[in-house]
Amino acid sequence: MTETIAGVTIPDSPLATEATALLREAGTTLLLNHSLRSFLFGSVQGRIRGQSWDPELLYVGAIFHDLGLTEKYRSAGERFEVDGANAASAFLHEHGAPEDSVGAVWDAVALHTTSGIPPYKRPEISLLQSGVVLDVLGFGVDEIPGEAVSEITAAYPRDGFKEGMLHAFVEGIKHKPQTAFGNYKADVLEDQLPGYVRPSFVDYVRHSPLEG
């Protein structure tokens with residue numbers, strides 16, 4: 001049965017259904033609920049902004065955006081965002097999706113923790129990033145009606161989400177802490193991983209083997 005929450009219809013196509021099944025199998029309830037809230041928040045933001053987008057592509061991006069944190073999909077050395085983007089790309093290729101759609105979802109997943117760039121990309125990319133940021137950091141929550149927030153969080157609860165998400169980040173990247181350099185996951189490792197020392201961009205510049 002088609003589900004509509006806060007005026008947003010959740011895609012139930014075979015592609016969307018199979019993507020959801022992958023996350024249910026590899027992830028946790030916390031990641032699933034976060035992914036669905038991110039899709040819904042992004043969709044509400046897009047509606048308010050008067051944008052047009054492909055709901056199925058935004059949905060698949062939302063489902064895959066944190067899949068790289070899971071044991072099944074995490075790699076030995078890539079950023080978790082890239083792991084999720086690569087998994088989404090393989091999934092879409094297997095289903096015969098057009099290359100422009102594959103590329104859009106890859107960018108959406110890979111850029112979802114990058115500030116400043118997604119707003120200038122196509123809506124499936126910008127709305128995934130803004131939906132994720134709203135759910136994780138609360139940025140932009142004042143942009144959408146309070147009843148929409150209440151409906152979304154009632155459908156997909158945030159039970160212990162804040163600390164649970166921090167734990168998921170650490171578990172997903174603690175074996176490759178170098179991937180936290182240059183993005184805010186270094187904040188998470190510094191707070192949550194004993195013995196972790198945040199690398200400094202300034203130190204890298206000053207200790208470059210090149211002269212000058």
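Reply: The lining of the largest cavity divides into five nonpolar, three polar and one charged residue, where Ala, Val, Leu, Ile, Met, Phe, Trp, Tyr, Cys and Pro count as nonpolar, Asp, Glu, Lys and Arg as charged, and the others, Gly among them, as polar. The model is predicted: local features need pLDDT of at least 70, side-chain atom pairs count only at pLDDT 80 or more, and totals for chains, interfaces and linings use all residues. Residues are numbered from 1 along each chain as its sequence is written, and side-chain values use heavy atoms, with hydrogens and water left out.

The lining consists of His34, His65, Asp66, His112, Val132, Val136, Met165, Phe169 and Tyr184; a cavity is a set of points on a 1 Å grid over the protein atoms alone where a 1.4 Å probe fits but cannot get out, and lining residues have an atom within 4 Å of a point. The structure holds one cavity of 30 Å³ or more, and the space in the largest cavity is about 40 Å³, a volume being the space filled by probe spheres set on grid points joined across faces, edges and corners.

Helix 6 (123-137) and helix 8 (161-173) each supply at least two lining residues; helices are DSSP runs (H or I, at least four residues), numbered from the N terminus. Helix 6 also holds Gln129, which counts as buried because its relative accessibility is 11%, buried meaning under 20% relative accessible area with a 1.4 Å probe and protein chains only. Beyond its neighbours within four places in sequence, Gln129 is in contact with Leu111, His112, Thr114, Ser115 and Pro118, contact meaning heavy atoms within 4.5 Å.

Methods: On a 1 Å grid over the protein atoms alone, a cavity is a set of points where a 1.4 Å probe fits but cannot get out, and a pocket is an open set with protein on both sides within 12 Å along at least five of seven lines; lining residues have an atom within 4 Å of a point. Buried means under 20% relative accessible area, exposed over 50%, partly exposed in between (1.4 Å probe, protein chains only).
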